[in-house]
Amino acid sequence: MGCVSSKEKSYEAKGGSESYNGNNPKAVFETTLGSITAEIYLDRVPITASNFIDLAQSGFYNGIHFHRVIPDFMNQFGCPYAKDPNAGRAGTGGPSDGTFKNLATGGQERRFNGGNIKDEFTSKDTNAPGTLSMANTGQKDSGGSQFFMNVANNDFLDWFSEGDSKHPVFGSVVGGMDVAEKISKVQTNDERPVQPIKMISVTITGLPSP
C-alpha cells in the first residue's frame, strides 16, 4: 500500500523554538464510514505536508464531504464547497490566501491565487495504492486543499511520469485501508456518492508541543 514506517517522534530546540528533526506526523481521518490513519511525509515534501497539517489543525476539513469517488481509482476530497454534499461547485474550491508555517524549516509559506501552494516536485513517491496525493487543475501551482486517496496503482499521475498529469504524493495510509476501499465502492451518481460521506474530523498527531 505504499506505506512507510515512522520512527518515534523527536525534535530539537533551536533559537528558543522547537524545530522538525526528520520524523513524520500522522493524520487520523474520522469519516462517517470509518477511520483512516496516514503518515504525512513532512520529511519529503515539507511545503505540501505543512499546508495540509495547517488546514487540518484549523478545522478546515471538518464537515466536508467526499465529492468524487471512483472504484479501482481514487477518492477525492477537500473542497470547502462540498460541505453541502449536493453543491454544484463541489470540486472547484480551496482555502483562502494567506501564510502558514513550514514545519520542517520554521519559515513561512504562502497560499496565493485562490489558496494555492507551490508545486513541490522533489520526492519521487509513486501514486501507489494507499497514498495521498495533491489534486490540481493541471496548471502550474494550482494545488490547495484538495487531495485524493489512491486505491489503485495510478503511477500515470506521478509528477515524474511522462504524462501531463502531475500529482505529488504527500502521505500514505498506515491503517484503515479497508475504509478507503469501501468509500471508493459506494454507489455514485456522476462520481458523487449517492449517500454522502462526511469527514467528521482530521486529527494530527506526532508534532511538537507549542
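Two strands are taken to pair if DSSP finds at least two bridges between them. Helices (H or I, at least four residues) and strands (E, at least two) are DSSP runs, numbered from the N terminus. The model is predicted: local features need pLDDT of at least 70, side-chain atom pairs count only at pLDDT 80 or more, and totals for chains, interfaces and linings use all residues. Residues are numbered from 1 along each chain as its sequence is written, and side-chain values use heavy atoms, with hydrogens and water left out.

**View 1. Strand S9 and its two partners.**
S9 and S10 pair in the antiparallel sense, over 3 bridges. Within this pairing, Leu 132 has Met 149 of S10 as its bridge partner. S9 is also joined to S11 by 3 bridges, and these two strands run antiparallel as well. Here Ser 133 stands opposite Val 169 of S11. In a regular strand the side chains alternate between the two faces of the sheet. In S9, Thr 131 and Ser 133 point one way, Leu 132 and Met 134 point the other way, and all are buried. Buried means under 20% relative accessible area, exposed over 50%, and partly exposed in between (1.4 Å probe, protein chains only).

**View 2. The largest nonpolar core.**
A nonpolar core is a set of buried Ala, Val, Leu, Ile, Met, Phe, Trp, Tyr and Cys residues joined through side-chain atoms within 4.5 Å. The largest one has 42 residues, and Phe 29, Phe 52, Tyr 61 and Val 202 have the most contacts inside it. Elements that give two or more residues to this core include strand S3 (26-31), helix H1 (46-57), helix H2 (177-184) and strand S14 (199-205). H1 supplies the largest share, 6 residues.

Leaving aside residues up to four places away in sequence, Val 202 touches Ala 27, Val 28, Phe 29, Phe 52, Ala 56, Tyr 61 and Asn 62. Contact means heavy atoms within 4.5 Å.

**View 3. The salt bridge between Arg 44 and Asp 125.**
A salt bridge is a side-chain nitrogen of Lys or Arg within 4 Å of a carboxyl oxygen of Asp or Glu. The whole structure has 5 of them. In the bridge between Arg 44 and Asp 125, the closest N and O atoms are 2.5 Å apart. Arg 44 is in the loop between S4 and H1, and Asp 125 is in the loop between strand S8 (108-111) and S9, 81 residues apart. Arg 44 is partly exposed at 23% relative accessibility, whereas Asp 125 is buried at 14%. Salt bridges that share partners join Asp 43, Arg 44 and Asp 125 into one network.

**View 4. The salt bridge between Asp 54 and Arg 111.**
The closest N and O atoms of Asp 54 and Arg 111 are 2.8 Å apart. Asp 54 lies in helix H1 and Arg 111 in strand S8, so the pair ties together parts that are 57 residues apart in sequence. Arg 111 counts as buried, at 7% relative accessibility, and Asp 54 as partly exposed, at 29%.

**View 5. The salt bridge between Arg 68 and Glu 191.**
The side chains of Arg 68 and Glu 191 meet at 2.8 Å, N to O. Arg 68 belongs to strand S5 (residues 68-70), and Glu 191 to the loop between strand S12 (188-189) and strand S13 (192-193), 123 residues apart. Arg 68 is partly exposed, with a relative accessible area of 29%; Glu 191 is partly exposed, at 33%.
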